[in-house]
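Here are some notes for a colleague who is opening this entry for the first time. Please keep the sequence and the 3D view at hand while reading.

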Amino acid sequence: MITGGPLRWAPRVTVALLILPVTAGLLGTVIPAFNNDANGLRDLLDWPGLRPAVWLSLTTGVAATGLSLAITLVLVASLWGTRIFTLIQHLLAPLLSVPHAAAALGLAFLIAPSGWIVRLLSPWATGWTQPPDLLILNDPYGLSLTLGLVTKEVPFLFLMALAALPQTDVARRMNVGQSLGAGRIAAFVISVLPSLYRQLRLPVYAVLAYSMTAVEMAMILGPTRPNTLSAQVVIWMADPTLRFQATAAAGAVLQLGLVLLALVGWRLLERLARRGIVSLARAGLRAHALDAIARILAVFAGTVTAGALILGLAGLTMWSVAGLWQFPDALPEALTLRTWMRAAPDLASTGALTLGIAVTATALSLALVLACLEAEHRFALSPDARALWVLYLPLLVPQVAFLPGLQFAALRSGVEGHWLAVAAAHLVFVLPYVFLSLAPSWRAWDTRISVAGLSLGATPARVFWRLRLPMLLRPVLTAAAVGMAVSVGQYLPTLLIGGGRVETLTTEAVALSSGGNRRLIGTYALLQMLLPALGFALALLLPAILFRNRRGMAVAA
Amino acid sequence: MTGTLDLKALRITQGDKLVVSLTQQVAPGEVLTIMGPSGSGKSTALAAMMGTLSAAFRWEGQILLAGRDITTLPPHKRGVGLLFQDDVLFPHLSVGDNLAFALPPSVKGRAARRAAINDALDQADLSGFAARDPATLSGGQRARVALMRTLLARPCALLLDEPFSRLDASLRVQIRSFVLSRVRSEGLPAVLVTHDVEDARAAGGPVITPLGEPVSI
């Protein structure tokens with residue numbers, strides 16, 4: 001084709017934009033760890049907290065991933081096709097758009113000794129008139145951190161499962177399985193799970209890598225003596241004396257090794273599970289009794305994860321408008337907008353910067369993703385499995401392992417601390433999500449529309465702008481909203497590439513979390529959550545208004 | 001504008017299998033009918049003429065349209081109009097905007113463009129339908145809009161990809177005669193792909209298989 005010379009390059013440019021920062025950043029992190037006779041490595045090994053920190057990273061990460069996957073699968077297996085399933089589908093977008101930091105802060109408000117749960121039970125059930133001296137938050141086993149991770153990762157895995165289900169022929173396989181006498185769960189495990197998991201594998205790996213290395217959640221909910229390894233790495237990096245830079249680099253390398261080790265271990269577990277499923281099938285698994293138990297478990301787990309998130313956010317909202325609120329009152333004595341009014345100037349400027357970075361990173365990502373998808377269509381390219389791995393690369397390599405190297409590069413080139421540099425760093429994480437969100441709808445578009453347009457003499461560019469883009473406005477805007485949510489939620493790239501001088505709602509909320517001004521934390525966390533929610537609302541409303549007189553553009557039931 | 005559609009030793013293979021072999025001239029106002037069971041290469045022949053053949057096929061030969069070699073031209077430069085099995089109206093545009101999309105840029109000025117569209121709607125017994133949502137039209141109305149849209153782009157040839165097969169019996173006769181009479185009055189060479197003998201009879205032209213063998217109806 002004659003048109004679209006630059007378009008042909010879009011996929012290659014995008015691949016480079018994902019691979020280069022990650023590999024360059026990794027190199028920039030690894031090299032300082034081994035400089036100066038590997039001083040950093042020696043300091044790391046001398047650190048007394050190393051063993052518990054490593055252990056925490058492994059246990060919380062693996063437990064959170066295993067639990068999230070189990071909850072997702074049990075939800076899909078026992079509730080697929082029911083009315084509750086439809087309800088969960090509707091709840092999914094808002095739950096997904098909650099940034100990790102806001103979710104963690106909400107959960108902290110909920111489960112702290114002076115939090116909502118204890119207040120609701122006190123003093124009538126517990127007898128407490130003072131907040132009890134219990135280490136629930138920041139517990140040494142990382143239980144609250146694990147719970148926090150699960151509330152955020154279940155919605156993500158569930159969405160990925162929803163996207164994969166139509167390709168697994170789930171309805172017919174379940175029917176066949178059950179007509180052969182298997183219970184619902186048995187039919188699911190034997191006939192649907194193997195092909196469903198094949199498509200869930202990369203998202204699960206991303207969840208594992210993320211859960212082992214999450215920084216902001218670990219800082220809010222995780223243990224403090226010692227911290228998890230990645231939280232400690234960030235603390236070393238942020239040390240103003242710069243004495244611990246090499247230690248931090250060594251810690252980051254160790255963290256990368258741990259993630260790789262966990263991934264290999266997970267892979268082995270996958271094989272065992274596969275054998276297990278085959279032998280269960282051979283044994284003629286029926287397990288009818290399991291169905292009722294699984295259903296109760298599914299409803300319980302779903303309610304706890306969604307409930308923890310929703311109640312936590314309600315708690316944030318309540319604190320942001322609370323007047324005097326003494327323990328053990330369940331509700332504040334009075335509601336006031338004083339906190340909001342006092343924080344308004346700061347909130348406005350921080351919110352504007354957050355929005356500016358998110359819009360920039362999302363617009364660039366969307367342009368690149370659209371160019372890639374259009375190039376795929378026009379030049380009849382068929383991306384292979386390697387392309388998917390490239391897309392997942394920034395989600396699989398721990399942020400603490402490559403962002404320090406990038407920060408060094410940013411520092412050297414003098415762009416550190418500029419909001420555009422932060423937006424560029426966000427792009428690396430926003431782009432994969434925009435692509436994953438948009439690609440299925442884009443590829444499912446009826447290409448006869450394109451042939452019809454071309455046969456009427458319209459150029460490929462005109463077909464793109466006048467036919468495909470407007471017809472796919474809804475998924476395009478949804479992908480943009482997903483991108484905005486990802487950017488707004490970014491903590492570590494903002495902190496490191498921004499050099500601590502680019503303050504977004506997320507970095508502010510995390511910084512405030514150690515303080516204890518619950519009212520102020522509430523305002524920042526709430527605004528942090530409202531920005532993505534606004535994006536999703538627009539993605540829903542705009543097409544509905546624009547195409548209100550076009551029945552053919554209504555959402556298919 | 002109109003002229004002969006000339007298929008010169010057009011041969012398409014998929015792997016080792018020959019799927020299309022055509023040497024045929026279609027005169028202005030004439031309809032060539034290609035018949036055969038599904039999967040026999042009918043759609044492949046149309047895709048080659050349209051310029052949308054997938055890379056999985058190998059082809060040789062030449063396609064001339066009104067003396068112009070269009071064999072390697074991109075689809076939008078061929079001047080070949082196409083009617084699908086379904087109407088494939090653009091769901092996000094009004095009936096009038098669907099027609100306006102097809103109107104060449106050479107028709108300048110709002111008044112002139114609107115007049116051309118209203119004229120096309122009048123010819124299809126759809127006067128006053130310009131502002132309508134295509135999804136609210138009946139099957140027959142949609143089929144007529146689709147034909148008028150194709151003709152407004154002023155093609156030099158028309159490809160008909162089983163355009164009547166989805167219509168019910170009574171509508172089928174009516175739309176078929178509407179389309180065929182327009183082909184004749186516009187003097188367009190047309191290629192009809194169908195598996196319906198009635199369609200082939202009504203078309204009146206030669207009837208062949210994708211491999212060029214005559215079919216007796």
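1. In which helix of chain A is the place of Ala409(A)? Ala409(A) belongs to helix α15, residues 399-413 of chain A; helices here are DSSP runs of H or I with at least four residues, strands are E runs of at least two, and both are numbered from the N terminus.

2. This is a predicted model, in which local features need pLDDT of at least 70 and side-chain atom pairs count only at pLDDT 80 or more, while totals for chains, interfaces and linings use all residues. Residues are numbered from 1 along each chain as its sequence is written, chains are lettered from A and ligands numbered from 1 in the order written, and side-chain values use heavy atoms, without hydrogens and water.

3. Ala409(A) has a relative accessible area of 39% and is therefore partly exposed (buried is under 20%, exposed over 50%, partly exposed in between, with a 1.4 Å probe and protein chains only).

4. A surface patch of positive charge in chain A gathers Arg173(A), Arg198(A), Arg271(A), Arg274(A) and Arg275(A). Patch members have over 30% relative accessible area and no salt bridge, and like charges are joined within 9 Å; a salt bridge is a side-chain nitrogen of Lys or Arg within 4 Å of a carboxyl oxygen of Asp or Glu. Helix α11 (residues 245-282) of chain A gives the largest share of the patch, three residues. Arg271(A) lies in this helix and counts as exposed because its relative accessibility is 55%.

5. Chain B holds an open sheet of five strands with parallel pairing, in the order β6-β7-β8-β3-β9. β6 (80-83) and β9 (207-208) of chain B are at the edges with a single partner strand each, so one side of each has no neighbour in the sheet. Strands pair if DSSP finds at least two bridges between them; β6(B) and β7(B) (residues 157-161) have four, in the parallel sense. In this pair, Val80(B) is opposite Ala157(B).

6. Strands β1 (residues 5-14) and β2 (residues 17-26) of chain B run antiparallel and are joined by eight bridges, with Leu5(B) opposite Val26(B). They form a hairpin with two residues between them, and Gly15(B) in the turn has a positive phi of about 65°.

7. β1(B) is also joined to β4(B) (residues 58-65), by seven bridges in an antiparallel run. Here Arg11(B) stands opposite Glu60(B).

Conventions. Patches are made of residues with over 30% relative accessible area and no salt bridge: like charges are joined within 9 Å, nonpolar side chains (Val, Leu, Ile, Met, Phe, Trp, Tyr) within 5 Å. Accessible areas come from the Shrake-Rupley method with a 1.4 Å probe; for residues, only the protein chains shown count as cover. Lys and Arg count as positive and Asp and Glu as negative; His and the chain ends are not counted. The place of a charge is taken as NZ of Lys, CZ of Arg, CG of Asp or CD of Glu.
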